[in-house]
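Here's a quick tour of one protein model, with the sequence and structure just below. Keep the 3D view open while you read.

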Amino acid sequence: MLYSFVIPCYKSSKTIRKVVELSMQEMDRMGRKEYEFVLVDDCSPDGGETMAALLSLVRDYPCVKVIELAKNAGQHNAVMAGLNYASGDAFIAMDDDMQTHPSQLHFLLEEFDKGFDIVYGYYPHKKHSKFRNFGSYINYLSVRILLKKPKDLKTSSFWVIKRFVRDYAVEYKSAYTHLQGLFLRTTRNISSVPIQHFDREVGTSNYTFKKLVKLWSNILGFSIVPLQLSMYAGFFFSFLGLLGAVAVVILKLVRPATYIGWPSMMAAICFFSGLNLLFMGMIGEYVGRIFLGMSKNPQFVVRCVHQKKEEEDA
């Protein structure tokens, strides 16, 4: 069995060699000697340092292939680029910062050998900041509600999948990729195993609040629950408004001197106007994504594929 490691790389010149070489050592130790590494440079803004580190790995190891993207595509789209260029029977995704540590590979692969289509590693104790952990919790709740993820399934960016799952995933061509959404609509034969989460060796997380919100919003491409909720909310507030109108009429009949002031009216107008704009914006988000999908907005743009064989032929 050929194992394909897919690693998105972003400002990882100081860590990526260690990730690759330790992964090789761990695979050799387990007797799984057929593997390849597909390293995706997500247009790292570091003056070419990450690409230089990746090209040095290509020169040193025939099993390493580097996909150089022409513009930043985001982590999930970079993983999709790697999946498109990988040729294994099983596909392993890892991070480039040593937090998804190669020493934990055997936990995932031992569980994978039991016949699961997808195996996630999850962290009982995360090394992220409180902000990242809060964002992860919001994402966990969203995926459970919108994508109907099983309650006991815990996930991370460290996973292994079978080839048919990869083949189905790469058929998705929208630029708004959410890997959990793709995997959950492919199979429910999924497991997760606890693994250790290591400290980031160099620098800090590249995820800003804006990037986290953008990634979270990609869930919309895999669920119509928000639209259904807006419809239910519309029914609820319409019914509430009808009851309020009846109550006002009855109150005025019972107590003619009751003063019905404009402040309450203005508050109601502002509230319901904001609600309408919220739902219109949500519908607009869906329509906009349909438009961008029809205009063939790409997931990623590959500038060049680097591998030792090509360099030698050149």
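## A threonine under cover

Thr155 has a relative accessibility of 19%, so it counts as buried (buried is under 20% relative accessible area, exposed over 50%, partly exposed in between, using a 1.4 Å probe and protein chains only). You'll find Thr155 in the loop between helix H5 (130–147) and E6; helices (H or I, at least four residues) and strands (E, at least two) are DSSP runs numbered from the N terminus.

What does the side chain of Thr155 make a polar contact with? The partner is the side chain of Gln180, at 3.0 Å. A polar contact here is a pair of N or O atoms within 3.5 Å; within protein, one must be able to donate a hydrogen and the other to accept it, and residues adjacent in sequence count only if both atoms are side-chain atoms. Leaving out residues up to four places away in sequence, Thr155 touches Tyr120, Gly121, Tyr122, Lys149 and Gln180 (contact means heavy atoms within 4.5 Å).

## How to read the numbers

This is a predicted model, where local features need pLDDT of at least 70 and side-chain atom pairs count only at pLDDT 80 or more, while totals for chains, interfaces and linings use all residues. Residues are numbered from 1 along each chain as its sequence is written, and side-chain values use heavy atoms, with hydrogens and water left out.

## Aromatic pairs

The structure holds 3 aromatic pairs. Rings of Phe, Tyr and Trp (its six-membered ring) pair if their centres lie within 6.5 Å; planes under 30 degrees apart count as stacked, over 60 as edge-to-face and the rest as tilted. Phe5 and Phe37 are stacked, because their ring centres sit 4.5 Å apart with the planes at 15°. Phe5 belongs to strand E1 (residues 3–9) and Phe37 to strand E2 (residues 35–41), so this pair ties together parts 32 residues apart in sequence. Phe5 is buried at 0% relative accessibility, and Phe37 is buried with a relative accessible area of 0%.

Then there's Trp159 with Phe183, an edge-to-face pair at 5.0 Å centre to centre and 85° between the planes. Trp159 lies in strand E6 (residues 159–162) and Phe183 in helix H7 (residues 179–184), so the pair links parts 24 residues apart in sequence. Trp159 is buried at 3% relative accessible area, and Phe183 is buried at 1%. Ring pairs also join Phe5, Tyr35 and Phe37 into a cluster.

## A mostly covered helix

Helix H4 (residues 105–112) is mostly covered, with 6 of its 8 residues buried. Its buried residues pack against E1, E6, helix H1 (16–29), and strands E4 (90–93), E5 (118–122) and E7 (190–194).
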